[in-house]
Amino acid sequence: MTALGQYFGIVPTNVVQSAANIAALRGLTPNTIVTVETLGYTTSGDGGGANFYAVTGAAPGTYVDNGSTIVVPTTGPGADGSAAWLLQIDGVFNVKQFGA
C-alpha cells in the first residue's frame, strides 16, 4: 500500500475477520489481505469496536503498540514490531476506541 493510500484510508483487503477486543486482536498475526473488526475495546459490545488493517514487512521496532491506533501482535511474525494492525480512520473517533 502506498503512503497516499494509507493517508486516505484505502485498504486493499478482501477478507473480513472479527476479534472480541484489542487483547484478542494482539493474538492475530497481521495479514495484508485481512481487515479485522474488533467488537469492543475491553469486552464485546462496550462501544469501543473499530476496524483495523494490517501492515507487514517493516524493520523490527518500526511499530510500537499504543493500544488504540497501532496494535502489535504479542506472538508470532510481527511481534518484534515489524508488523501491526492499524486503526482504519473513517474521519470520526469514538473515545471508547481508546479504552475510555
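## Pairing of β4, β5 and β3

Ile 70 has Leu 86 in β5 as its bridge partner. β4 (70–71) and β5 (84–87) run antiparallel and are joined by two bridges; two strands count as paired if DSSP finds at least two bridges between them. Helices and strands are DSSP runs, numbered from the N terminus: a helix (H or I) has at least four residues and a strand (E) at least two. This is a predicted model in which local features need pLDDT of at least 70 and side-chain atom pairs count only at pLDDT 80 or more, while totals for chains, interfaces and linings use all residues. Residues are numbered from 1 along each chain as its sequence is written, and side-chain values use heavy atoms, with hydrogens and water left out.

β5 also pairs with β3, in the antiparallel sense and over four bridges. In this pairing Val 55 stands opposite Ala 84 of β5. Both faces of β5 are covered: Ala 84 and Leu 86 are buried on one side, and Trp 85 and Leu 87 are buried on the other. Buried means under 20% relative accessible area, exposed means over 50%, and partly exposed lies in between (1.4 Å probe, protein chains only). In a regular strand the side chains alternate between the two faces of the sheet.

## The sheet and the overall fold

The five strands form an open sheet with mixed pairing, in the order β1-β2-β3-β5-β4. Its edge strands are β1 (15–19) and β4, each of which pairs on one side only. β2 (residues 34–38) pairs with β3 in the antiparallel sense over four bridges, and Glu 37 stands opposite Asn 51 in β3.

The protein chain has two helices and five strands, which follow the pattern α-β-α-β-β-β-β along the sequence. Of its 100 residues, 33% count as buried. Contact means heavy atoms within 4.5 Å. Among contacts between residues at least 6 apart in sequence, 42% join residues at least 24 apart. The accessible surface comes to about 5,400 Å², and 58% of this belongs to carbon and sulfur atoms; accessible areas come from the Shrake-Rupley method with a 1.4 Å probe, and for residues only the protein chains shown count as cover.

## The nonpolar cores

A nonpolar core is a set of buried Ala, Val, Leu, Ile, Met, Phe, Trp, Tyr and Cys residues joined through side-chain atoms within 4.5 Å. The largest has twelve residues, among them Ala 19, Ile 22, Leu 25, Val 36, Phe 52, Val 71, Trp 85 and Leu 87. α2, β2, β3 and β5 each supply at least two residues of this core, and β3 gives the largest share, with three residues. A second, separate core of five residues includes Tyr 53, Val 55, Ala 84 and Leu 86.

Val 71, a residue of the largest core, lies in strand β4 and is buried, with a relative accessible area of 0%. Beyond its neighbours within four places in sequence, Val 71 is in contact with Ile 22, Leu 25, Arg 26, Phe 52, Asp 65, Ala 84 and Trp 85. Its C-alpha atom is separated by 9.2 Å from that of Ala 23, 48 residues apart along the chain.

The structure has one salt bridge, defined as a side-chain nitrogen of Lys or Arg within 4 Å of a carboxyl oxygen of Asp or Glu. The side chains of Arg 26 and Asp 65 form this bridge, at 2.8 Å from N to O. Arg 26 belongs to helix α2 (residues 22–26) and Asp 65 to the loop between β3 and β4, 39 residues apart. Arg 26 is partly exposed at 22% relative accessible area, and Asp 65 is partly exposed at 28%.

Ser 68 is located in the loop between β3 (50–55) and β4 and is buried, with a relative accessible area of 9%. Leaving aside neighbours within four places in sequence, Ser 68 is in contact with Phe 52, Leu 87, Gln 97 and Phe 98.

Phe 98 lies in the segment after β5 and is partly exposed, at 38% relative accessibility. Together with Ile 89 and Phe 93, Phe 98 forms a nonpolar surface patch with about 300 Å² of accessible area. Patches are made of residues with over 30% relative accessible area and no salt bridge; like charges are joined within 9 Å, and nonpolar side chains (Val, Leu, Ile, Met, Phe, Trp, Tyr) within 5 Å.
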